[in-house]
Amino acid sequence: MSSGAAVAADAVIPAPVDLEPGEGVLGLAAVTLHAPDAVTARLAGELLAEAGAVVGGPAGTAPATVTLVTDPAAGPAGSDNPERYTLTVTTDGVTVAAPGRAGLLHGVRTLRQLVNARRGRPGGAVEAGAVVVRDEPRYAWRGLSLDVVRHWFGPDDLRAVVDLVGSYKMNRLHLHLTDDQGWRLEIPSRPALTGKSSQGAVDGAPGGYLTAEEFRALQEYAAEREIVVVPEIDVPGHVNAATHAYGELTPSGEPTDVYDGIEVGFSRLHLDLPATEPFLRDVLTDVAGMTLGPWVHFGGDEVLVMGAAEYGGFVRLCQDVLRGAGKTPVAWQEAAGSAHGDQDAVAALGGDAAQEAADDEPSVRPGTVLQYWDTRPDPAPLVRAAHAGARFVMSPADRAYLDMKYTPDHPLGLEWAAFVELRDSYEWDPARLVTGLPESAIEGVSAAVWTETLANRADLFSMLLPRLAAVAETAWSRPDAKDWESFRARVAVEAAAWRREGAVYHPTPQVDW
């Protein structure tokens, strides 16, 4: 058996639980594919084609057989993880066994990387060495949070991001769809949100939005690939696009002006206005009805100009509405009563640390998912929320925010949290971030990328790659399977696939490319 550093030559990312090399090599230039259903066959065929195989067609040699089979006994011994799989490559063919489609696709993704490792060598062929891989993820939630508001990324870009997320066995795409600069999702009951507020973006860049049909199509595209889209409607702060569309959400009754800057914390809803609760109920109920997956994110971050009691009322209302609509609420960590860490910003805006607890009624209901991003505040409210039944997705800004500059002189990104190089995104343990937080409360890990400085797909991918692969390994692999020297060798091999596919990446000097 081998794991961690020993899989370097195979370029498997994330590092698997068990990898047992065998004897011999199997040519995969041409393959015959067998799968349990047509959708799985199509998706597996796409992945094999990316590796250079010709599926069902001539390539000058007898085709190798790749068989995908449903098998509840697959995966590491004793595992009951629904995403487990076993990949077996011999000189006679390939078998991927798993209890469901997620594991089958994971196995084919591993096979793609094994082929890529050999194909990238001088004179390399489309082939894989004999091997048995038994694997499963550490965490159930392994995702990317993507801001499509500060700069707009449309359906084609989003499908490319889905494919990228899937390639590293990640399974959540959280879309930040609303903010001060614009509103990016059609809301049937509130058409002015996109009618008046969809075209804004930072510095006057062009905007846009997803129609209800486009949003459903994106979710279906992701769901086939076993990726769940989690939409975020950010309230009660980050709402200038909403108050621009509906003036009745402001105390004066007048709509706010268009905003194309990048400051945060200045906008807010008002719980005591008659229009506010109906607005929230309309929007969140519509979004819940449009969402195929079980989660809807209601934001809750950086509400710097609101009292704590009012903020807690918003948190409880949003959870109640979403639960009533059949969805599990997700919110940023402030919903637990964790004060925003930048208290200078709070003071500058005349706020009073809205997120601090104001009464004895807990704001967070059991089962609500909290996304941890700000490493500065006292962790005590988060620990209390965990003991009360909250779940946590770990997105520490100084490790997992992939819009942070790699280095001080990097041309893209921000630097308020840290400079985040590849090794920073790799060397951290989600279970040891928050003192006192039980590991049993951790649902998983998400990278995040905010797009204040990212105007197009090339910009976006250059910030995601190679760091998204590092976060993916942190989310999937056990700590004892992780090894920095192994990872930097594997990611250098993986980059050959990025170059073939035309994906832009940052050639950090931390890797010998």
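Is Asp374 buried or exposed? Asp374 is buried, with a relative accessible area of 3%. This is a predicted model. Its eight strands β8-β9-β10-β11-β12-β13-β14-β15 close, in that order, into a barrel with parallel pairing. From one strand to the next, the twist averages 30°.

**Where the barrel closes**

- Strand β8 (residues 141-147) and strand β15 (residues 442-449) run parallel and are joined by six bridges.
- Within this pairing, Gly143 has Ser446 in β15 as its bridge partner.
- Helix α7 (residues 276-290) packs on the sheet, where it touches β10 (228-235) and β11 (295-299). The direction of α7 makes about 175° with that of β10.

- Strand β9 (residues 172-176) is largely enclosed by the rest of the structure, because five of its five residues are buried.
- In a regular strand, side chains alternate between the two faces of the sheet.
- In β9, Arg172, His174 and His176 point one way, Leu173 and Leu175 point the other way, and all are buried.
- On one pairing, β8 and β9 run parallel and are joined by five bridges. Asp147 stands opposite His176 in β9.
- Between β8 and β9 the chain passes through helix α3 (residues 155-167), and this β-α-β crossover is right-handed.
- Strand β9 also pairs with β10, in the parallel sense and over five bridges. Here the bridge partner of His174 is Val230 in β10.

**Salt bridges**

- Side chains of opposite charge can pair when their charged atoms come close.
- The model has 29 salt bridges.
- One of them joins the side chains of Glu439 and Arg138, at 2.9 Å from N to O. Glu439 lies in the loop between α12 (422-426) and β15, and Arg138 in the loop between β7 (127-135) and β8, so the pair ties together parts that are 301 residues apart in sequence.
- In this pair, Glu439 is partly exposed at 38% relative accessible area, whereas Arg138 is buried at 18%.
- Asp374 forms a salt bridge with Arg376, and their closest N and O atoms are 2.8 Å apart. Arg376 counts as partly exposed, with 42% relative accessibility, while Asp374 is buried.
- Arg423 and Glu427 meet through their side chains in a salt bridge of 3.0 Å, N to O. Arg423 is partly exposed at 37% relative accessible area, and Glu427 is partly exposed at 37%.

Technical notes: Residues are numbered from 1 along each chain as its sequence is written. This is a predicted model: local features need pLDDT of at least 70, side-chain atom pairs count only at pLDDT 80 or more; totals for chains, interfaces and linings use all residues. Side-chain values use heavy atoms; hydrogens and water are left out. Two strands pair if DSSP finds at least two bridges between them. Helices (H or I, at least four residues) and strands (E, at least two) are DSSP runs, numbered from the N terminus. Axes are lines fitted to C-alpha atoms, for helices over the stretch in contact, and angles run from 0 to 180 degrees between N-to-C directions. Contact means heavy atoms within 4.5 Å. Buried means under 20% relative accessible area, exposed over 50%, partly exposed in between (1.4 Å probe, protein chains only). A crossover is right-handed if, with the strands pointing away from the viewer, the path from the first strand over the helix to the second runs clockwise. A salt bridge is a side-chain nitrogen of Lys or Arg within 4 Å of a carboxyl oxygen of Asp or Glu.
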